[in-house]
Each structure stands twice: as structure tokens, then as C-alpha cells.
Amino acid sequence: MTPSWPARALMAVVRGYRLMLSPWLGNACRFEPTCSRYSLAALEQHGALAGSYLTVHRILRCAPWCAGGHDPVPDNPPRLFTRLVPSTVRACASSSSSSESSHD
């Protein structure tokens with residue numbers, strides 16, 4: 001599934017950060033994947049709203065007292081965002097994506 005235009009715009013901002021600022025700041029991320037790679041994956045997988053929420057939540061967890069480690073993007077969006085989208089829309093989206101994958 002192709003990300004929406006807001007998600008693509010946010011992904012461009014993250015890529016710009018990776019290109020322009022990240023080399024100057026150095027690699028000090030405590031997590032794997034890095035926060036910028038996590039952000040790109042979250043935006044692509046969950047869209048602009050849920051992906052932004054996951055990104056901000058991840059960045060807020062990055063603190064000196066956090067051990068870090070392996071922290072992949074969750075397969076399901078946060079509960080807050082599953083309540084915002086009606087279950088019939090989610091069911092239609094999941095059935096259409098499974099039918100599209102069966103044609104490949």
C-alpha cells in the first residue's frame with residue numbers, strides 16, 4: 001500500500017534530517033532500528049497520524065536512563081488509532097489488501 005501524501009511529506013522531512021543534520025549530530029541512538037529509520041517505517045506502515053504518534057513516543061523514550069535495544073515498529077497501530085477508525089473500514093481495508101496480495 002502506498003503511503004498517503006501527508007505520510008510521504010513527513011517521510012521527506014525525516015529523510016532531510018538524515019541527509020542534513022544526522023551526519024553532524026553523530027550516531028547516538030540507543031535503539032535498533034535508529035529513530036529515523038523507525039520513523040520512516042512507522043509512517044510507511046501506519047500513515048501520518050499513527051506513524052507520527054509512534055515516532056514521538058519513541059523519541060520521548062530516548063533518555064539517559066533508558067537501556068534502548070531492539071524496538072521494531074509494531075504490526076498494529078496504537079489502540080488510540082484503532083478506536084478512531086471504525087471497525088468496518090478496517091475490515092474493508094484488510095480484506096482489500098489480502099485480495100490484492102492474492103493477485104500477485
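This is a predicted model: local features need pLDDT of at least 70, side-chain atom pairs count only at pLDDT 80 or more; totals for chains, interfaces and linings use all residues.
Averaged over the chain, the pLDDT is 80, and 79% of the residues reach a score of at least 70. Residues 87-104 form a stretch where the pLDDT is below 50, and in the model this stretch has two contacts beyond near neighbours in sequence.

Helix α1 covers residues 5-20, and its geometry can be checked against a simple expectation: at 1.5 Å a residue, its 16 residues should span 22 Å, and because the C-alpha atoms at its ends lie 22 Å apart, the model agrees with that figure. Within α1, the residues A7, M11 and V14 are buried. When the helix is viewed down its axis, the buried residues of α1 fall within an arc of 60°, and they therefore line one face of the helix. On the face turned away from that buried side, α1 carries the exposed residues W5, V13, L19 and M20, so named because each has over 50% relative accessible area.

What, then, covers the buried residues of α1? The cover includes helix α3, which runs over residues 35-61.

S36 has a relative accessible area of 12% and, because the cut-off for a buried residue is under 20%, it counts as buried. If its neighbours within four places in sequence are set aside, S36 is in contact with V14, Y17 and R18, and V14 is itself one of the buried residues of α1.

Note on methods:
Residues are numbered from 1 along each chain as its sequence is written. Side-chain values use heavy atoms; hydrogens and water are left out. Helices (H or I, at least four residues) and strands (E, at least two) are DSSP runs, numbered from the N terminus. The expected span of a helix is 1.5 Å times one less than its number of residues. Buried means under 20% relative accessible area, exposed over 50%, partly exposed in between (1.4 Å probe, protein chains only). The arc is that of the directions from the helix axis to the C-beta atoms. Contact means heavy atoms within 4.5 Å. pLDDT is the predictor's confidence in each residue, from 0 to 100.
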